[in-house]
Amino acid sequence: MKRIQSVLLLLLATLVAVSTAYASDNNVEIEPICNLLSAASAVGCDPHNEPDNPEVHAMYFPKLDGYTSKPMRYLFSDEAPAKLIEYDDGTATLSGVLVKGSKEFRLFAKLSNIVSTPDYPKKELSSYCYVDKGGYIDPDSWTYYADMEGILTALDGSYYDGAVIAISNKGPAVQRGIGANGKDSEDGVAIWFKWEILHQSYENEFPPYNGAHADFNFDLSPCSSTCTGDISRALGDYCGQHGGGHAITSAFSGKLIFEDYPNAVLIEYDDGTALLAGRACKPDDSYWCFDVELHLNGRFDAADLYLHDDVGSPKKELKSGCYGEDSVDVHSWVYYEHAEGTMCGNGGEYDGVIVNIQLKENTPYPQKGYGANGKNVNYGFSMWFDYESDNYDIGTGKGDFNIDVVPCCDCGDAANECSSMSCIGGECVPTPIRDGESCTLDEGYDDGCYSASCYDGSCVPDTYS
């Protein structure tokens with residue numbers, strides 16, 4: 001077991017080193033790109049598809065003699081969105097819950113090492129669909145990741161309860177693009193992978209690796225975001241009474257703060273989900289870090305709190321005199337029903353370790369709003385979480401997020417013909433455009449008597465006739 005863990009840690013540490021080197025040479029802000037995952041539809045160009053028995057799956061294991069009488073095909077659970085998150089540093093992550101009846105696994109994987117020209121693309125569609133045969137699917141336009149490492153963890157109470165499986169790509173590079181999933185002509189992802197059992201459920205043993213390969217075949221659709229806000233540690237102020245100065249704290253990590261690069265963000269999506277992502281490090285050691293990815297779903301307003309379980313929300317940690325309609329108004333907060341994610345060690349004692357985090361049971365819902373971080377009256381976010389690791393013995397325990405968030409703003413109605421509006425620091429800031437050009441005056445001026453020009457973002461009369 002120790003040998004398996006050491007191998008996995010070495011692989012994950014190599015992955016982190018690659019992404020860190022890329023980031024240091026390309027110091028640009030990261031804006032994560034979110035894609036929803038679904039099972040590849042197996043229609044159109046797929047030569048294996050039979051109309052009465054389509055081979056639809058997101059994850060596929062072949063028939064394994066002595067263990068399974070037929071292939072195992074998994075679909076994504078409908079309870080929480082499965083996502084591909086792509087970062088500008090050349091890495092990406094896969095996450096979701098895969099289900100086949102009572103067999104349920106949580107997936108987390110990291111993709112890295114983009115290559116421009118793979119040894120060979122995996123072309124599984126009918127030949128006439130590709131550009132070299134007169135079709136429109138062009139493998140040269142695909143994105144390829146040379147490396148994939150991840151974990152499949154059986155959910156508690158599921159058929160393989162107790163199983164933890166390490167996965168890594170086998171054969172062709174991971175491929176992503178139109179027609180890349182090998183099942184249809186949609187935007188998608190295909191991965192062949194091998195597996196190694198780290199822990200086993202002996203009541204229902206998961207089949208050991210036998211040299212064959214398993215498959216991921218995904219369709220992709222873009223997440224629709226409504227708001228992206230930078231995040232940082234929450235410092236205590238005159239209303240705080242429990243310290244501050246950290247973004248994340250736990251027994252295994254100590255206090256962590258987010259790094260300026262890659263920039264940490266909270267992105268909210270139209271479907272009621274959100275992504276919190278960034279690199280959190282010790283305040284005095286920027287090489288002792290975790291790459292954090294937290295997925296939130298089930299967003300609801302404070303007005304609907306009574307419809308949900310009573311778990312102690314809102315979590316009010318500021319001084320009691322700081323709450324009220326004219327100060328910190330908890331009725332303006334928003335909440336999330338569920339939260340889970342990972343903290344992947346990047347340098348330091350836990351380099352390469354994958355730590356699973358999730359909303360702590362029977363504790364207040366993750367909350368966002370002015371004063372919601374529990375440390376100051378700024379716009380912020382807080383959440384208590386449980387943690388454990390499948391590939392390193394860190395024990396179990398709880399931790400805390402306490403974060404300032406730059407709020408979003410709707411500036412659409414504030415723009416005019418002489419200025420555009422941008423959301424900066426949570427406020428709509430005008431940017432002058434068309435200075436010196438003619439413009440139309442507001443009501444109250446007789447356009448027959450005045451001419452006007454744009455000046456410093458406003459329409460100003462400059463001639464009286």
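I looked up the β5 partner of Leu 75 first: the bridge goes to Val 99. Strands here are DSSP E runs of at least two residues, numbered from the N terminus. The model is predicted, so I kept its limits in mind: local features need pLDDT of at least 70, side-chain atom pairs count only at pLDDT 80 or more, and totals for chains, interfaces and linings use all residues. Residues are numbered from 1 along each chain as its sequence is written, and side-chain values use heavy atoms, leaving out hydrogens and water.

**β3 and its neighbours**

I then checked the pairing of β3 and β5 (residues 92–100): they run antiparallel, with 2 bridges. Two strands pair if DSSP finds at least two bridges between them. On β2 (residues 59–61) I found 3 bridges to β3, again antiparallel. Tyr 60 has Arg 73 of β3 as its bridge partner.

Which residues of β3 are on the covered face? I noted Met 72, Tyr 74 and Phe 76 there, with Arg 73 and Leu 75 on the uncovered one. In a regular strand, side chains alternate between the two sheet faces.

**Aromatics**

I searched the whole structure and got 26 aromatic pairs. The rings of Phe, Tyr and Trp (its six-membered ring) pair if their centres lie within 6.5 Å. One cluster includes Tyr 74 and Phe 76, along with Phe 61 and Trp 195.

**Charges over rings**

I counted a charge as over a ring with NZ of Lys or CZ of Arg within 6 Å of the ring centre and within 35 degrees of the ring normal. Lys 282 lies over the face of Trp 288, 4.2 Å from the ring centre. The charged end of Lys 123 sits over Tyr 130, 4.9 Å from the centre of its ring.

**Salt bridges**

I found 13 in the structure. The criterion is a side-chain nitrogen of Lys or Arg within 4 Å of a carboxyl oxygen of Asp or Glu. Lys 123 also bridges to Asp 132, with the closest N and O atoms 3.4 Å apart. I looked up exposure (buried under 20% relative accessible area, exposed over 50%, partly exposed in between; 1.4 Å probe, protein chains only). Lys 123 is partly exposed at 39%; Asp 132 is exposed at 52%.

Next I took Asp 291 and Arg 279, which meet at 2.6 Å, N to O. Asp 291 lies in β17 (residues 285–301) and Arg 279 in β16 (residues 274–282), so the pair ties together parts 12 residues apart in sequence. Both residues are buried. I also noted a network: Glu 86, Arg 176 and Asp 187 are joined by salt bridges that share partners.

Technical notes. Helices (H or I, at least four residues) and strands (E, at least two) are DSSP runs, numbered from the N terminus. Rings of Phe, Tyr and Trp (its six-membered ring) pair if their centres lie within 6.5 Å; planes under 30 degrees apart count as stacked, over 60 as edge-to-face and the rest as tilted.
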